[in-house]
Amino acid sequence: WKRGFDDVADLENGYYSIENVPGLPADLVGTLFRNGPGRFGVGGSRVRHPLDGDGLVVAVSFRGDGSVCVRHRLTQTQGLIRDNLEERMVSPGLFGTEPDAGGKLFDLRKAETKNTANAGILWWKDRLLALWPFGKPFEIDPGNLGTVIGNLDSGATDIGGMLLDNCPFGATPRVCATTGSLVNFGQEPSALGTKVSFFEVVPGEWRPKYRVPRKIQASGYTYFADFAVTPKWFVLAKPPLQSDGFAAAMGKRMPEVLSFDPSGGAELIFVGRDKQANQEVSVPIDGLVCEGFVNAHELDGGRVVVDVVAADRWDPDRPLWETEDPVAGPRTRLVRYEVDLAKATYTQKTVFDRHLGFATVNPQVVGKAHRYAFAAVGHEAIGAGPLAGVAKTDVESGEADVWVPERTAFGGQPVFVPREGREGEDDGYLLTLVLDGAARRSEVVVLDARKVSAGPVCRIPLEAPLPHGLAACWAPDYAPDEETMERKFVLLRMYSKKTATWNAVNTSMSMIGTNPFFEKQGGKMR
């Protein structure tokens, strides 16, 4: 398992193709994108927590002719480029990684939390974005995975002015199946409260529904792991946390400010999507620690059903791989809340009492009533531990159809891809990347979502082992051919060479180390 935190070497040619893959479904055409930490140190130093690692985007394109095209590349954030140039960690990480010694005495970069772009991935309207919950996104070329230089000094993008001021674009976007809108949220915690912005993008476009996004102010300094959407509501879960007001006022990072309150209560917060109506309902609930939303949908009478991945505690500060036993981490389960908004009451039941994560549904039922939830699960039916296999849970009956790999293999988020000519909610494929730590190899696993326990219909061995990922998405029908890939990588090498020339500038040009000489670099990609 710990080998899932090894750094990844660049591919010699940037990509490779695998021909005549046995069992590969012919109707599976598109690209699986995955994001997660892929480099865990520089200059001999290691990050304290893996979530401080630099983001690595992996792409596997299914061409529909029995072949796949594989590539992976680190997102070229400003933080990564700085670290490479100075051969040390220049800025702190969100989860406790401190800057290495060196640089100017008064270097403002040492107080600037590094945007690692490692937590989420979004495909929308032919654009690919690498996401981080507390910063602006970086645009990625979907073919060669080069980082497209955005309009901000850091190289990130404000998505055509949609992201105002310091407002971040979160790492857990969704597409509402009722309206067809892309929706997401961003959070800005402070000692005065946590400002939350909700983004809604017009179907099929990169144009926001509202020029100024819907906003609320949650009480206190807090953290929202995810959100859900229904036709009428955005849904948040405020966990039972205590905040250190002094640490918050001093600008300390989130894990230094917040701690779990085992005797505290949580809230489900329902925010109306209609900006003009300006509705907001908070319902106090038990001590829910929401690691992620599965889905939500509305019932008659002002009731809302919310399915969540609930943990038994909040513990973001564990360094995970260096000293901790992974089975000692928080234990999760799939829980359903039915909330009466008018009465501010709720009922709760456990749907699936097995450790799980990265839960999702068929994209055609996001915000609607659903029958199946798909999630990554551990090897064992009891207890916590690293995620490894895939489960399909019937949320009505609680029955689960489960597949797990070998004991030394570990998987991440399963992505549901509807089958051509589909006839049911589970008529499709589940795709996931699996790392066998003992064998030091990774593979793409394709499962038939109708019969998960029957095992993979196809296993695609990759040339190099890849780290554990965080989030994945599917780009239907995007599957560049060999000629397109060759052309794209010629272009990437040209831009990368130009970027390297510009970045040869000595950082001592700035007395305090904040000069934005990375900002445009005379090119379009790095």
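1. The largest cavity has a volume of about 80 Å³. A cavity is a set of points, on a 1 Å grid over the protein atoms alone, where a 1.4 Å probe fits but cannot get out. Grid points are joined across faces, edges and corners, and a volume is the space filled by probe spheres set on the points. The lining has 14 residues; V47, D52, D83, M89 and K114 are the closest to the centre. Lining residues have an atom within 4 Å of a point.

2. This is a predicted model, in which local features need pLDDT of at least 70, side-chain atom pairs count only at pLDDT 80 or more, and totals for chains, interfaces and linings use all residues. Residues are numbered from 1 along each chain as its sequence is written, and side-chain values use heavy atoms, with hydrogens and water left out.

3. By class, five residues lining the largest cavity are nonpolar, four polar and five charged. Ala, Val, Leu, Ile, Met, Phe, Trp, Tyr, Cys and Pro count as nonpolar; Asp, Glu, Lys and Arg are charged; the others, Gly among them, are polar.

4. In total, there are three cavities of 30 Å³ or more. Strands (E, at least two residues) and helices (H or I, at least four) are DSSP runs, numbered from the N terminus.

5. Now the second largest pocket, with about 1,200 Å³ of space. A pocket is an open set of points with protein on both sides within 12 Å along at least five of seven lines. Its lining counts 40 residues, and A111, E112, T113, W132 and F134 lie nearest the centre. β12 gives the most, four residues. The lining divides into 15 nonpolar, 13 polar and twelve charged residues.

6. Last, an open sheet: four strands in the order β21-β22-β23-β24, with antiparallel pairing. Two strands pair if DSSP finds at least two bridges between them. β21 (289–299) and β24 (345–352) are at the edges with a single partner strand each, so one side of each lacks a neighbour in the sheet. Seven bridges join β23 (residues 332–340) to β24. Within this pair, L334 stands opposite F352.
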